[in-house]
Amino acid sequence: MILSASRRTDIPAFYSEWLLNRLKEGFVLVPNPRNPSHYSRVQLSPQTVDCIVFWTKNPKEIISKLDVISAMGYDFYIQFTLTPYGRDVEEYLPDKKDLIEVFLKLSAEIGSNRVIWRYDPVVFTDRMNVEYHLDCFEKMAGLLEGSTNRCIFSFLDLYARLKTPLQDLGVRDIQEEDMLRIGEGFSKIAKKHGIQLSTCCESVDLSRFGISHASCIDGNLIEELTGCSLRKKKDNGQRPGCGCMESVDIGSYDSCGNGCKYCYGVYSRERARVNRENHDPQSPVLFGSVPQDAVITERPVKSLKDGQMDFFHLI
């Protein structure tokens, strides 16, 4: 299986010790988001986990643990979200200059092919307009040149429940004309800095600018990293337009502390704060305890590897 850690919360930033303990013990309990008294027991042995895909805005805490994870027999790559916003949008993140240094250090440690830059989402206001994003993307791409091979971006989906936390910023829907201008500009900048560009779950067609639709859980990249072909299956549990292959997510909602106002994974900041306080790195669950009447079901998982790839598939 492919292990996703995690679309629901920032495990590398806040729960890296817990993750390492789970890998050492070889299993994790994951509550059902719609029925929290039901848990899946997921086996985490290197024989069943073909690759770990990390999602994070600040991997500083996990960098020192990656050698251990690799030595245990796990392959991985990291989706690093790095945007140009300040604390009015991403309240508790470190200064972006510091995060760029973290990005460069991470890439030096594990290689540019294992670090995917996410400029995600593109937030649009009167101030953060097309020119703003083109200028920021140019500066960031220049600083990250050689430290990543790929960048994935998307435009903010202004869900109803996000309108209240974002209204003070004057966030508005982005028009297709502006999407096209950003797509064209980003494409020229990315090519100049040797970065492959794609979009995440976007219906707008930017292929005229050489921009493809992304597979964030990328079967082709995983085959490249592992040297094995995979039995790839599309993840039908994701949004329309998502190109990801199927994975198992071990995170939980309402547990991230980055404080991003556009976040879809935190429904209540107060609940997220309480959940983080109830986190135990030694526990089989991310936070809280497993109730006595919990229903625990073994999730059937197995390796998707389908044999070693030959030399001509690896070049």
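Analyst: This is a predicted model. By class, the second largest pocket is lined by nine nonpolar, four polar and five charged residues. The lining comprises 18 residues, and those nearest the centre of the pocket are Gly259, Cys260, Val266, Ser268 and Arg269. Helix 9, residues 269–277, supplies the largest share of this lining, with four residues. The space in the second largest pocket comes to about 300 Å³.

Next, the helix. Helix 7 covers residues 176–192, and its 17 residues should span 24 Å at 1.5 Å a residue; the end C-alpha atoms are 24 Å apart, so the two values agree. Its buried residues are Asp178, Met179, Leu180, Ile182, Gly183, Gly185, Phe186, Ser187, Ile189 and Ala190. Among the elements that cover these buried residues are strand 6 (115–122) and helix 5 (130–144), along with strand 7 (150–155) and strand 8 (196–199). Just after helix 7 comes glycine 194, with a positive phi of about 70°.

Last, the loop residue. Serine 45 sits in the loop that runs between strand 3 (35–43) and strand 4 (51–56). Serine 45 has a relative accessibility of 12%, and because buried means under 20%, this serine counts as buried. When neighbours within four places in sequence are left aside, serine 45 is in contact with Gly26 and Tyr74.

Conventions. Residues numbered from 1 in each chain as written. Predicted model: local features only at pLDDT ≥ 70, side-chain atom pairs only at ≥ 80, totals over all residues. Heavy atoms only, no water. Helix = DSSP H or I, 4+ residues; strand = E, 2+ residues; numbered from the N terminus. Buried < 20%, exposed > 50% of the residue type's maximum accessible area, 1.4 Å probe, protein only. Contact = heavy atoms within 4.5 Å. Expected span 1.5 Å × (residues − 1). 1 Å grid on protein atoms, 1.4 Å probe; cavity = no way out; pocket = protein on both sides within 12 Å on 5 of 7 lines; lining within 4 Å. Points joined across faces, edges and corners; volume = space filled by probe spheres on them. Nonpolar A, V, L, I, M, F, W, Y, C, P; charged D, E, K, R; others polar.
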